[in-house]
Each structure stands twice: as structure tokens, then as C-alpha cells.
Amino acid sequence: MSEMNIKQSLKATGIGKRYGNFVALDDIHLDIQEGEFLTLLGPSGSGKTTFLMILAGFLAPDAGQLIRAGQDVTRVPPEKRNFGMVFQGYALFPHMTVAENVDFPLKLRGMKPTERERKVNRILDVVGLGAHKGKKPTQLSGGQQQRVAIARALVFEPELLLLDEPLSALDKNLREQLQSELQRIHREVGTSFVFVTHDQGEALALSTRIAIFNQGRLEQAGSPRDIYERPISRFVAEFIGKTNTFDLNNVQREGNAYARKIGEHWVRGESDRVYVQEHLVLAVRPEHLTVDDTPRTDPSFNSLQVTVHERVYQGPITLMNLRALDGTELQISVPSHNVLSSGSAGQSLYISWPISAGTVLPY
Ligand SMILES: Nc1ncnc2c1ncn2[C@@H]1O[C@H](COP(=O)(O)OP(=O)(O)OP(=O)(O)O)[C@@H](O)[C@H]1O
Ligand SMILES: [Mg+2]
């Protein structure tokens, strides 16, 4: 939409929030960049909604500031922030039609009727509900109702759209359909979105950037690829996707290269950082591991002897639970057409992976 307001990014610095002795948010520094799709992801109770409410102005932080265009907006009331909000199962006005629901924020702002009608029609087209504007909410599906809520939050051209788990009440098919709709709407309107979910697949698929929350702290913010491939903590590595973890206690180290012997073989890992911690781990995604019946001699690979503990046939792939000689448990998935996907438990095999595919992290 060409006539959208110039969007400012919002900067959160040192945001803290306590409830009594309980620290709900601890020193959050996060910039919301112009036009981005930022997802807040983390376990239940990690502070995502609290942070969103602070961005919206419904909750005042105990520490820190929100800065927009060089101005401190920390104490600006919600209605003066010009942010749109969509909550999980956000109720539409049941007695109003779709068009009247969407018109509501414009009416509140005292806009002229002709202007209002034009904006309502346009945003309803964007969310694909142009043909439903005369209906009441009860005559719509759950996904259509959620799209009305999104249209109502976007119609006044907010500088920021805040969405708190807007898709979580929907069934899987509808959720997937609305995920791509949300992405399209984001592209079309160009507004910055801050989206809360605890569905990691949703976060990876939709976001330009993901911020991982854990117990009131921001663990890492980065592109989906950064978060998945270059996690900076064990929490992030284990929270997003599956990961295999080797204990690197009392590891041998040289610069940012680390090595530990398991049986006959060295497990080696590298890191962008040089760690001072004694106790480290090596995290490897299952898709980097390959299984073979002989060790791999390529020096750019790690190769380890393992025994098969269990195989779980899942159609196209078979999950294999393996155990290294030091007891480390590993899980890999192999195509079911691989002959090694079947065989007896207790069988001895080798796994290998490129050294560069592992990530060394503090324990
Ligand atoms: N009004 C309150 N009084 C006391 N504690 C609160 C209050 N509001 C939130 N909390 C606590 O703050 C923590 C963070 O809550 P928040 O709602 O931000 O979590 P969340 O990450 O959104 O979780 P979920 O994924 O379950 O929605 C929780 O432990 C919660 O119990
Ligand atoms: Mg929440």
C-alpha cells in the first residue's frame, strides 16, 4: 500500500518487568526493524506476551525504554501508539457485519465516511474477504474470523502490527493456510509485524527474524537460518528442531578447535568463538549425520562407532536411535530405502558428519 505512513522502527532497551520477586522480563534489548516479520518464540511462561503488552502500551515496564524516532515512548498510552493488535481468539463484535467490524477503528478516529469505505474495501480485498463483507461473524469460519481481526488491526495503517498467537486456536490445515496468507499480507502492506508463537515450524517458515525467549531473557535474535544453523546457546539449539549433543567435558582445545576421543575416534568441533568454559558440548543436527557400515577416513569429517538401539519405520524415512561407545545417545533419520535402515538391534555401525556442521556451545 503506497499511502501507508512512513514506518519507524521501535527500539526496546533494557526492558525489565517483575511481579513481586518473580522476574518476567530481564534486560531485553531488541530493535524492531522497518517492515520486518519478527517472531517471538519461546516456551510457555518465557515472557513473550508480557513483552508484546509492553510494546503495545498495555503494560508498563519497571526498567528500560521504548524509543521511536528518537523519542521515548515508554509511557505513551496504547491508543496514541498507532499499533494494531491481534490476539488469540480475539472477539469480533457479534452484532456488526464484517465491514462494520473493520470500519470500527476508522470511525473511532473520526475519519470521513467515503474515506472509511474505501479503506475498508481495500483491506478486505487484501485479506481475501471482499465477498463476505455483509456477513456477521457467526456466519464465518474460524480462519475467516481471524482474517477479519487482522483486517481490523491493519485498516488504520498502523506502524506496527502485534499478533499474539493469532493462529493457535485453528486446526492444522487452516493454520497452514493462514500462515501463507499472513506472509502475503505482510508483503502487501509492508507494516512491521511482531508475531508471537510457540510453534517453531511456524516461526521458521514465516519470519524474517526470530527472537528466542527463555525465562524472561532474550537468548538470541537472528534470521531463521542463523537461529537454526548457528545457535548461540544450548537452549536455542535444543529448542529449535532436533539436535544431537556430545559432551565435551575437559576437552582438548587449540584456538577455536576442540577435540575429544570417544573409543578409537576423535570427535572434533569448531566455533566462531573461543570459549573459556571448561565444560562444552558439540551440537549436530540429525540431517548432517550419515550412517555407514565402515568408518569414514576423510579428515574433514568426524566418524564414530555406534550401536543401533532402535529403529522406527516412518514410511519415507526411518528413525534410528543409536548409542556411541561413551553412552551418548543419538538420533538420525535415514531414507527407508537405505539398506542400513533395517537390521537387528545391537548392530554395530559408523556415523559421520562434516566437522563444519557441528556447533560447539557452553554446556
Ligand atoms: N499479572 C501477573 N502477575 C504475576 N505473574 C504474571 C502476571 N502476568 C504474567 N505473569 C508471569 O510472567 C511470566 C511470563 O508470562 P507471559 O504471559 O509473558 O508468558 P508467555 O511467554 O506469553 O507464555 P505462553 O506461551 O504460555 O503464552 C509467566 O511465568 C507468568 O506466570
Ligand atoms: Mg503468551
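How much area is buried between domain 1 and domain 2? In this predicted model, the figure comes to about 700 Å², with carbon and sulfur atoms giving 47% of that area.

The domain assignment places domain 1 at residues 10-236 and domain 2 at residues 242-362. Taken over C-alpha atoms, the centres of domain 1 and domain 2 are 39 Å apart. Where the two domains meet, eight residues of domain 1 touch nine residues of domain 2.

What holds for charges and polar atoms at this meeting place? Between domain 1 and domain 2, the count of salt bridges is zero. Polar contacts do turn up, though: two residue pairs make them across the interface, both at pLDDT 80 or more. On the domain 1 side, helix H7, which covers residues 224-229, gives the most, with three residues. Sorted by class, that side of domain 1 has four nonpolar residues, one polar residue and three charged ones.

Next comes ligand 1. There are 13 residues around ligand 1, and the ones that come nearest are Ser44, Gly45, Lys48, Thr49 and Thr50. Serine 44 also shows up when atom pairs are checked: an N or O atom of its side chain is 2.5 Å from an oxygen atom of the ligand. Glycine 47 takes part through its backbone instead, with an N or O atom 3.0 Å from an oxygen atom of ligand 1. With tyrosine 19, the ligand atom is a nitrogen, and it lies 3.4 Å from an N or O atom in the tyrosine side chain.

Back to salt bridges, this time in the structure as a whole. The search finds 21 of them. One salt bridge joins arginine 184 to glutamate 181, and the closest N and O atoms of this pair are 3.5 Å apart.

Key. Residues numbered from 1 in each chain as written. Chains lettered and ligands numbered in written order. Predicted model: local features only at pLDDT ≥ 70, side-chain atom pairs only at ≥ 80, totals over all residues. Heavy atoms only, no water. Domains from an automatic or database assignment. Contact = heavy atoms within 4.5 Å. Buried area = accessible area lost by both parts, 1.4 Å probe. Salt bridge = Lys/Arg side-chain N within 4 Å of Asp/Glu carboxyl O. Polar contact = N/O pair within 3.5 Å; in protein donor to acceptor, adjacent residues only side chain to side chain. Helix = DSSP H or I, 4+ residues; strand = E, 2+ residues; numbered from the N terminus. Nonpolar A, V, L, I, M, F, W, Y, C, P; charged D, E, K, R; others polar. Near = heavy atom within 4 Å.
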